[in-house]
Amino acid sequence: MRKDFNEINTKNFKREKGIYGIENIVTNRIYIGQAQSIYTRLIHHKHHLINGNHTNPYLQNSVNKHGIENFKFNADMATAWRKVKSEK
């Protein structure tokens, strides 16, 4: 399930745990993470990226360069994993 970063406040993710991806749709690069609550983790990612203080400098620089609107999150990591494998 791939969604725009602005749609992450959906209730569908509140209790979901597992692996997720944050994809730059300009460069097709994907940040992959895992969380006990995907919803909470993605809210934290969005907050820090918008405020310019994310702990991952590569992800932060990419958001600074391309804009948060060019990022999608993907809770269906089967799709994201196939994309990563096809780039190799």
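Helices (H or I, at least four residues) and strands (E, at least two) are DSSP runs, numbered from the N terminus. With that in hand, welcome to this protein chain, which has 3 helices and 4 strands. Read along the sequence, they follow the pattern β-β-β-α-α-β-α.

This is a predicted model, in which local features need pLDDT of at least 70 and side-chain atom pairs count only at pLDDT 80 or more, while totals for chains, interfaces and linings use all residues. Residues are numbered from 1 along each chain as its sequence is written, and side-chain values use heavy atoms, with hydrogens and water left out.

**The chain as a whole**

- Of the 88 residues in the protein chain, 43% are buried; here buried means under 20% relative accessible area, exposed means over 50%, and partly exposed lies in between (1.4 Å probe, protein chains only).
- The accessible surface of the chain comes to about 5700 Å², and 48% of that surface belongs to carbon and sulfur atoms. Accessible areas come from the Shrake-Rupley method with a 1.4 Å probe, and for residues only the protein chains shown count as cover.
- Among contacts (heavy atoms within 4.5 Å) between residues at least 6 apart in sequence, 56% join residues at least 24 apart.

- Strand S2 (18-24) pairs with strand S3 (30-35) in the antiparallel sense, over 6 bridges. Two strands pair if DSSP finds at least two bridges between them.
- Along this pairing, Glu23 stands opposite Ile30, and Gly21 stands opposite Ile32.
- S2 and S3 form a hairpin with 5 residues between them.
- Asn28 sits in the loop between these two strands and is partly exposed, with a relative accessible area of 31%.
- The phi of Asn28 is positive, near 65°, in a residue other than glycine. Most residues other than glycine have a negative phi.
- S2 is mostly covered, with 5 of its 7 residues buried.

**The nonpolar core**

- The largest nonpolar core has 12 residues: Tyr20, Ile22, Ala35, Ile38, Leu42, Leu49, Leu59, Val63, Ile68, Phe71, Phe73 and Ala75. Such a core is a set of buried Ala, Val, Leu, Ile, Met, Phe, Trp, Tyr and Cys residues joined through side-chain atoms within 4.5 Å.
- At least two residues of this core come from each of S2, helix H1 (38-51), helix H2 (57-66) and strand S4 (71-74).
- H1 gives the largest share, 3 residues.
- In soluble globular proteins, nonpolar side chains tend to be buried together.
- On S4, Phe71 and Phe73 point one way while Lys72 and Asn74 point the other way, and all of them are buried.

- Which residues of H2 are buried? They are Leu59, Gln60, Ser62, Val63 and His66.
- These residues lie on the same side of H2 because they cover an arc of only 160° around the axis, where the arc is that of the directions from the helix axis to the C-beta atoms.
- Their cover includes S2, S3, H1 and S4.
- The face turned away from the buried side carries the exposed residues Tyr58, Asn64 and Lys65.
- At the start of H2, a side-chain oxygen of Asn56 reaches to within 2.9 Å of the backbone nitrogen of Tyr58.
- After H2 comes Gly67, with a positive phi near 90°.

- The side chain of His45 makes a polar contact with the side chain of His54, at 2.7 Å. A polar contact is a pair of N or O atoms within 3.5 Å; within protein, one must be able to donate a hydrogen and the other to accept it, and residues adjacent in sequence count only if both atoms are side-chain atoms.
- His45 and Thr55 are 10 residues apart in sequence and 9.3 Å apart in space, C-alpha to C-alpha.
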